[in-house]
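Hello,

Here is the structure I promised to pass on. Please have a look at it first, and then read my notes below.

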Amino acid sequence: MELFANLGLGLETAITPVNLLYALVGVFLGTAIGVLPGLGPAATIAMLLPATFVMPPVTALIMLAGIFYGAQYGGSTTAILVNLPGETSSVVTALDGYQMARQGKAGRALATAALSSFFAGTVCTLLIALFAPPLAEIALQFGPAEYFSLMVLGLIASIVLAHGSILHALGMIVLGLLLGLIGTDVNSSTQRYTFGLPELSDGIGFVIVAMGMFGIGEIVANLENEATRDVTIKKVTGLFPTREDFRRMVAPTLRGTALGSILGILPGGGAALASFGAYALEKKVSRNRHEFGKGAIEGVAAPEAANNAGAQMSFIPMLTLGIPSNPVMALMIGAMIIQGIQPGPSVMTEQPALFWGVIASMWLGNLMLLVLNLPLIGIWVRMITIPYRYLYPMIVVFCAIGVYSLNNAHFDLYLMALFGVVGYVFKKLDCEPAPLLLGFILGPMMEEFLRRALLLSKGDPTVLVSRPISAAMLALAAVLLTLVLLPSFSRTREQAFQDD
Amino acid sequence: MSTISRRRLLQLAAAGLMPAAALRPVAALAQAYPSRPVKLISPYAAGGATDIIARFIGQWLGERLNGSFFVENRAGSGSNIGTEAALRSDPDGHTLLLASTANAVNATLYPKLKFDFIRDSEPIGLIGTLPNVLVIHPSVPVKTLSEFIAYAKVNASKLSVGLPGIGSPQHLSAALFQTMTGIDLPFLQYKGGGPVINDLIGGHVQASFASSASSAEYIRAGTLRGIAVTSARRLTILPDLPAIGEILPGYEATNFYGLSAPKGTPQPVIEALSKELNAGLANPELVAKLAPTGLTPHAISAAEFGALITSETEKWRKVIKSAGITMD
């Protein structure tokens with residue numbers, strides 16, 4: 001019953017007018033920057049940090065947390081409407097969400113995203129309230145070997161992301177892995193492919209690659225073809241999901257929430273896998289798997305639920321142990337230090353109002369987001385009816401602002417332009433950017449964890465199979481590889497014959 | 001307009017082309033400093049200790065000098081990108097740098113830098129020092145520094161020391177420890193301090209040299225065991241922990257944070273900043289705000305700060321050479 005006392009304290013804290021107001025400010029700002037391509041929550045929170053100087057600690061954290069999960073909601077909007085994912089997580093949402101938008105189902109896709117996110121958010125608030133400390137303990141059991149095996153599993157699962165040629169997808173994954181290697185080697189500090197440029201010594205940012213390949217590349221390709229430019233969007237049919245849509249989104253949302261919650265507690269990059277994993281899972285188990293990549297509602301519901309669950313659960317390592325699992329959490333820790341609170345295991349016991357207040361505000365914030373987002377759908381879908389001569393320059397400008405806001409470096413803008421060209425070329429070659437982005441994210445993490453695991457085991461590779469969690473995941477990866485590759489190869493062969 | 005003419009005046013004065021009396025308007029102009037918002041470059045990512053220190057110091061200087069100071073985070077290449085951007089700016093006092101140990105270290109660590117920190121910067125003052133702590137996972141069967149050294153001499157291969165990156169202050173603290181004890185501890189590098197603490201708490205690595213501010217919480221909670229601090233003296237936040245120097249005479253590895261400007265910044269501006277910075281470090285309210293970052297404030301003159309940078313650069317040059325740390 002301690003839980004109710006704690007949640008009561010949390011609600012009491014979160015529901016004061018000033019905290020409610022700042023939660024609203026946070027989720028509203030988060031939605032806004034999520035919708036704008038390129039601008040992310042990290043840059044926004046960094047900019048707003050001075051504003052929190054004058055706020056009480058719990059109010060400051062409630063607002064910053066609101067920006068973070070508000071951006072997760074907003075990020076799916078541009079992914080669905082204009083195929084422009086601003087966050088790692090919305091890369092997958094773009095796959096089927098954008099196809100739905102092209103079929104005139106943009107409103108239904110957006111509503112699906114909002115509803116499944118809200119469901120995941122509610123479940124995760126409860127999970128955090130009930131199990132935060134034991135979950136953090138479990139996450140600590142994950143060593144480098146376990147993380148490596150998890151990444152292998154994720155990478156194998158990602159092969160199903162592609163709906164075209166398997167060979168192209170594999171090529172793009174490998175290219176992504178290689179791009180991810182650019183920068184300074186952690187163990188030896190050797191510079192890889194940096195060409196003497198200090199700007200490349202920390203690697204290339206995800207947003208730069210995503211904005212270049214999806215944003216700029218897509219625009220260039222669309223401009224080229226005058227005929228398709230203005231007829232891509234069919235008439236918008238219905239803003240709200242139909243009963244059939246609801247029936248189809250229930251199971252994927254549940255599975256996505258479960259997967260996202262598990263991966264989200266792992267501070268070493270689990271959340272990045274959540275939406276990819278959920279999509280891959282659906283594509284394997286769904287009855288409508290043939291629709292994936294062509295506008296399947298399951299392909300929106302599952303990754304969106306997983307992504308929001310992962311985002312929410314990533315608060316656990318931060319709140320219970322003071323360990324940041326992403327740049328946004330690092331900023332939240334900074335905000336706590338500015339408030340004179342040293343993050344760590346004692347925050348829960350010494351600052352119960354802060355701990356439970358932030359948790360309770362998450363649920364209130366998710367509710368606000370739902371209320372905020374559902375009526376906005378009508379406005380968003382009108383966005384895609386904006387003539388391209390206005391929409392395209394706007395997208396380019398926002399991409400540029402967003403990319404510049406990351407590091408205040410103009411080098412990043414040139415890099416984005418370069419990836420724009422690369423993205424255009426790949427579009428011409430019929431190579432999809434999503435597998436490349438996944439390889440780009442997972443590659444460096446896999447390498448880091450593998451080398452760390454081997455350094456810790458003094459070079460003994462059996463550590464990967466002698467640790468039970470790691471062995472289980474590798475076994476699963478092997479099974480998946482067989483399942484994924486065999487039928488796909490035969491299917492592409494069939495298609496090739498049919499085309500003749 | 002006014003900034004350009006002021007710079008021109010100073011160049012003339014510096015070149016000895018103007019009589020001493022003509023310098024007076026320069027001093028008068030310095031009264032107008034700052035004439036526009038001052039950019040304080042923090043060469044690390046937002047949210048970290050450097051960023052927070054910069055924000056508090058900037059806020060204080062803004063209030064005292066009736067101007068607006070804003071922090072710009074220019075992370076990358078181990079602080080070199082932000083440092084270079086600051087040193088390449090107009091030397092008119094409107095761009096400043098949050099300098100740190102990294103500047104003294106990188107002078108040796110990065111042989112291909114396009115700037116020479118000592119030559120191209122103008123010291124303003126020290127803000128304070130921030131030592132590291134030798135922390136271990138509680139499963140390691142030692143309680144004191146002497147026990148740790150004795151244990152490590154026999155069991156070095158059983159211990160892995162997690163560190164937040166090659167050339168980081170924590171890495172150098174560990175390297176100095178290694179050089180002075182002669183124990184060849186296996187180092188394991190991470191990308192930043194957060195993952196190190198995570199793997200240390202999880203017991204995947206057994207020891208670390210970690211920032212005193214973040215590790216103090218885990219030591220108090222009993223999640224990690226503190227062994228000793230890297231500063232010359234004991235710390236008020238961890239009074240039970242000895243300084244490593246008590247057992248290893250001469251050991252000291254403390255990170256410093258200070259304020260620097262591009263070379264050629266007018267002396268009156270440097271003096272004004274140095275005076276207000278030191279006034280802030282004597283102000284209990286500002287000191288209290290800085291406390292959670294783990295920083296121990298320490299006020300010295302601009303010239304003393306310059307001497308500190310030179311001696312730290314020399315000290316780390318020797319450690320880096322003898323430990324054979326390279327970056328290329």
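How many residues of chain A are in contact with chain B, and how many of chain B with chain A? Taking contact as heavy atoms within 4.5 Å, 45 residues of chain A meet 41 residues of chain B.

Before the rest, a word on conventions. This is a predicted model, in which local features need pLDDT of at least 70 and side-chain atom pairs count only at pLDDT 80 or more, while totals for chains, interfaces and linings use all residues. Residues are numbered from 1 along each chain as its sequence is written, chains are lettered from A and ligands numbered from 1 in the order in which they are written, and side-chain values use heavy atoms, with hydrogens and water left out.

**The interface**

About 3,400 Å² is buried between chain A and chain B, and carbon and sulfur atoms give 58% of that area. Buried area here is the accessible area (1.4 Å probe) that two parts lose on being put together, summed over both.

The rule finds one salt bridge across this interface; the term stands for a side-chain nitrogen of Lys or Arg within 4 Å of a carboxyl oxygen of Asp or Glu. A:Glu448 forms a salt bridge with B:Lys191, and their closest N and O atoms are 3.5 Å apart.

On the chain A side, helix H15 (327–338) and helix H20 (433–456) each supply at least two of the residues that touch chain B. Helices (H or I, at least four residues) and strands (E, at least two) are DSSP runs, numbered from the N terminus. By class, that side of chain A has 22 nonpolar, 17 polar and six charged residues. Here Ala, Val, Leu, Ile, Met, Phe, Trp, Tyr, Cys and Pro count as nonpolar, Asp, Glu, Lys and Arg as charged, and the others, Gly among them, as polar.

**A strand in chain B**

I also looked at strand S4 (residues 121–136) of chain B, where 15 of the 16 residues are buried (under 20% relative accessible area, 1.4 Å probe, protein chains only). Its pairings follow, two strands being paired if DSSP finds at least two bridges between them:

- S4(B) pairs with strand S9 (residues 254–262) in the antiparallel sense over nine bridges, and B:Gly128 stands opposite B:Tyr257.
- Strand S7 (residues 207–211) runs antiparallel to S4(B), joined by five bridges; B:Ala210 is the bridge partner of B:Val133.
- Strand S8 (residues 225–229) is joined to S4(B) by four bridges, also antiparallel, with B:Val133 opposite B:Val229.

Best wishes

Key:
Buried < 20%, exposed > 50% of the residue type's maximum accessible area, 1.4 Å probe, protein only.
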